[in-house]
Amino acid sequence: MSFPLPLPILTCQGCSICCRTQPHPPFLPQELDRLPRALARSIEHLVLGPEVEGGPCIWLDDKGLCSHYEDRPSVCREFEMGGEDCLTLRLQHLP
């Protein structure tokens, strides 16, 4: 996919489109074991339950930041700011 330029990606601040398009952190079931117990219990019904669409993520705070950033799932850790997935989401969902 080619992207119209320019799409300046200098920071995630003020964007959070990757978090606004899914209703909960995209944990793999095996990742729940590394979370603090209370935090894992609070989301396991979402992660292990039926697929839900829409957003924003329940961990996204009112400033557009992850409220549990240190405990975010591997998908979020590996998401590349300004990468192809980021740019695709921005083109699809941002004005």
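Biologist: How many helices and how many strands are there in the protein?
Modeller: This is a predicted model. Read along the sequence, the pattern is α-α-α-α. The count is four helices and zero strands.

Biologist: What share of the 95 residues is buried?
Modeller: Buried here means under 20% relative accessible area. The accessible surface of the protein is about 6,700 Å², and carbon and sulfur atoms hold 55% of that surface. Of the 95 residues, the buried share is 31%.

Biologist: Which residues form the largest nonpolar core?
Modeller: Nonpolar side chains tend to be buried together in soluble globular proteins. Here the largest nonpolar core has ten residues. They are Phe 27, Leu 32, Leu 35, Leu 39, Ala 40, Ile 43, Val 47, Cys 57, Trp 59 and Leu 60.

Biologist: Cys 57 belongs to that core. What is Cys 57 in contact with, leaving aside neighbours within four places in sequence?
Modeller: A contact needs heavy atoms within 4.5 Å. With the sequence neighbours set aside, the partners of Cys 57 are Cys 19, Gln 22, Pro 23, His 24 and Pro 25.

Biologist: Which residues of helix 4 are buried, and which helix is included in their cover?
Modeller: Helix 4 spans residues 84-93. Its buried residues are Cys 86, Leu 87, Thr 88, Leu 89 and Arg 90. What covers them includes helix 1 (17-20).

Biologist: Where is the centre of the largest pocket, in terms of the closest lining residues?
Modeller: The largest pocket has a volume of about 660 Å³. Its lining has 30 residues. Helix 1, helix 3 (74-78) and helix 4 each give two or more residues to that lining. Closest to the centre are Cys 12, Cys 18, Cys 19, Cys 76 and Phe 79.

Biologist: Which residues lie closest to the centre of the second largest pocket?
Modeller: The second largest pocket has a volume of about 180 Å³. Its 15 lining residues include eight nonpolar, five polar and two charged. Closest to the centre are Gln 22, Pro 23, His 24, Glu 51 and Val 52.

Conventions. Residues numbered from 1 in each chain as written. Predicted model: local features only at pLDDT ≥ 70, side-chain atom pairs only at ≥ 80, totals over all residues. Heavy atoms only, no water. Buried < 20%, exposed > 50% of the residue type's maximum accessible area, 1.4 Å probe, protein only. Core = buried A, V, L, I, M, F, W, Y, C linked by side-chain atoms within 4.5 Å. Areas by Shrake-Rupley, 256 points an atom, 1.4 Å probe, with all protein chains shown as cover. 1 Å grid on protein atoms, 1.4 Å probe; cavity = no way out; pocket = protein on both sides within 12 Å on 5 of 7 lines; lining within 4 Å. Points joined across faces, edges and corners; volume = space filled by probe spheres on them. Nonpolar A, V, L, I, M, F, W, Y, C, P; charged D, E, K, R; others polar.
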